[in-house]
Amino acid sequence: MANVTQFDTYSDLPPLPDYQTVVQPPLLPPIPDKLMTLILPIAAYWSLSMLFHWIDTRDYFPQYRLHTPAEVSSRNKVSRWEVVRDVIIQQVVQTAVGWLLGMTEPDDVVGKEAYDIAVWARRIRIAQRAVPGVLALVGLDAVGIAKSITTSHPVLAGAVMGGRYRTLQTTTTSGNSFADPLPGFTSWEKTLAHFIYWYMVPALQYGIAILVVDTWQYFLHRAMHMNKWMYTTFHSRHHRLYVPYAYGALYNHPFEGFLLDTLGASIAYKVAGMNARQGMWFFTGCTLKTVDDHCGYALPWDPLQRLTSNNAGYHDVHHQSWGIKTNFSQPFFTFWDRLLGTVWTGGDVSARYEKAKVAAQRKTDQGSEKTTITHSNAVDSATQDPRPYQDDQRNAIGLSLIRLEDQQPLPPEGKAALQAAGSRQQVLDDKKDGGAQVLVQEAAEEKEARSLLKKSGRRRTASSLSQTDGLKGLKDRVSGIMHGRAGAILGVESSR
């Protein structure tokens with residue numbers, strides 16, 4: 001009986017076309033797509049990394065640097081050779097897992113696209129069956145409406161009647177000498193089905209994959225910081241890079257690299273139901289984003305840094321001794337940090353960020369209240385729920401033995417102070433790769449950064465009052481004081 005009902009309901013649907021599949025030609029012959037899926041992310045990693053390394057060595061864009069070259073040498077606890085070695089080890093593991101994953105996947109085929117689009121068109125037609133019932137719920141007569149517009153708008157009348165288009169015909173039945181009319185699809189159904197198949201479904205797949213990888217990395221990454229054994233055994237190796245640089249993005253303990261990056265991306269690929277070519281772009285996109293997040297530059301025109309607030313400035317906080325237990329989100333979006341209260345709330349607390357912030361303001365013509373390197377606002381420190389850091393300051397027993405002058409920069413009172421205390425205590429607990437010397441060294445660098453910032457401010461003031469500016473420049477700055485923008489002459493903003 002159920003089969004009869006199904007036949008009666010859907011027997012008037014347009015027929016599905018025949019198809020014949022063939023293996024999809026490779027994107028870059030003669031390299032198979034599955035092999036390219038293994039090659040392209042590694043090629044992208046080193047290409048983008050070497051671009052940033054070239055920028056570093058040539059000292060291009062120093063105004064956008066988050067840290068000085070001297071800091072890279074003095075504050076990091078690992079040599080560049082060790083970083084390269086461990087990254088290559090992770091990429092060997094990544095390639096092996098990718099090869100095994102490819103063995104479980106059938107070859108991608110083409111030739112079925114018209115059939116799949118027709119399936120979506122059928123689904124659209126079936127969905128229209130609900131239109132008369134919906135209209136009846138609001139007191140409208142679908143039959144009456146359809147009759148009144150049949151002549152002027154026959155397609156709309158068919159949609160109102162639940163997808164029953166009386167005038168549409170398509171191909172003849174096979175093997176019949178007489179033309180037997182069959183129902184066909186409307187142009188709008190075919191267009192919508194085409195859009196769903198080629199654009200909406202892939203977008204949904206990529207969206208699901210991004211959600212899965214962001215979720216996987218956030219919770220595992222957070223666990224590695226909240227559990228002392230996991231941090232000191234595995235994750236502290238990555239934090240030997242207190243000053244990140246591009247090709248150190250995948251510098252990890254091999255087990256962590258497999259668990260956090262390789263396995264997480266593989267699960268996202270499987271859950272999203274991607275094919276090999278989609279996986280190629282997804283894995284490469286994840287790789288490029290991760291490298292860019294560790295590049296050490298706050299570039300206002302970098303598309304990857306403009307895409308979301310999870311960028312180099314945001315992630316740099318996580319590598320500092322005062323923010324190491326915040327900003328866990330990676331690699332795409334920050335929603336888990338914001339939902340669960342682990343985003344840094346202290347604003348651009350470090351003087352190191354000032355030069356990059358000023359440069360970004362000039363580039364984007366934004367005021368200081370709109371431009372932040374860390375994508376946080378110090379005002380939030382006093383207003384946000386302190387959880388999950390409510391006990392961190394009380395538990396920071398080792399930190400109480402450290403002089404205040406060696407705990408620089410000082411965060412604002414409130415949640416940021418709790419976050420900084422917990423973060424610095426984690427550094428102290430890491431006897432091998434952290435310890436008190438990390439805090440002492442960072443405080444010294446912070447002091448030097450503030451000193452240079454003050455000198456730079458005085459130089460800008462002298463220059464601004466030079467003969468080049470003339471009396472007009474002085475008049476503008478005096479006017480700024482009168483309007484509450486004090487510090488235009490002294491070279492120090494009134495808010496500082």
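Begin by selecting Asp-108 in this predicted model, and then show its surroundings: leaving aside neighbours within four places in sequence, Asp-108 is in contact with Val-22, Val-23, Gln-24, Asn-275, Ala-276 and Arg-277. Asp-108 itself lies in the loop between α4 (80-103) and β2 (109-110). Which side chain of opposite charge is nearest to Asp-108? That side chain belongs to Arg-277, but it is 5.9 Å away, and Asp-108, although buried, has no salt bridge; a salt bridge would need the nitrogen and the carboxyl oxygen to lie within 4 Å. Look instead at the backbone of Arg-277, where the side chain of Asp-108 reaches the nitrogen at 3.5 Å.

Next, select Glu-105 and Lys-270, which form a salt bridge whose closest N and O atoms are 2.4 Å apart. This pair links distant parts of the chain, with Lys-270 in helix α11 (residues 254-271) and Glu-105 in the loop between α4 and β2, 165 residues apart. Glu-105 counts as buried at 18% relative accessibility, whereas Lys-270 is partly exposed at 40%.

Now move to Asp-86 and Arg-85, whose side chains meet in a salt bridge at 2.9 Å, N to O; Asp-86 is buried, with 5% relative accessibility, while Arg-85 is partly exposed, with a relative accessible area of 35%.

Finally, select Glu-71, Arg-75, Arg-352, Glu-442, Glu-446 and Arg-450 together, and you will have a network of linked salt bridges on the screen. The structure holds 22 salt bridges.

Methods
Residues are numbered from 1 along each chain as its sequence is written. This is a predicted model: local features need pLDDT of at least 70, side-chain atom pairs count only at pLDDT 80 or more; totals for chains, interfaces and linings use all residues. Side-chain values use heavy atoms; hydrogens and water are left out. Helices (H or I, at least four residues) and strands (E, at least two) are DSSP runs, numbered from the N terminus. Buried means under 20% relative accessible area, exposed over 50%, partly exposed in between (1.4 Å probe, protein chains only). Lys and Arg count as positive and Asp and Glu as negative; His and the chain ends are not counted. A polar contact is a pair of N or O atoms within 3.5 Å; within protein, one must be able to donate a hydrogen and the other to accept it, and residues adjacent in sequence count only if both atoms are side-chain atoms. Contact means heavy atoms within 4.5 Å.
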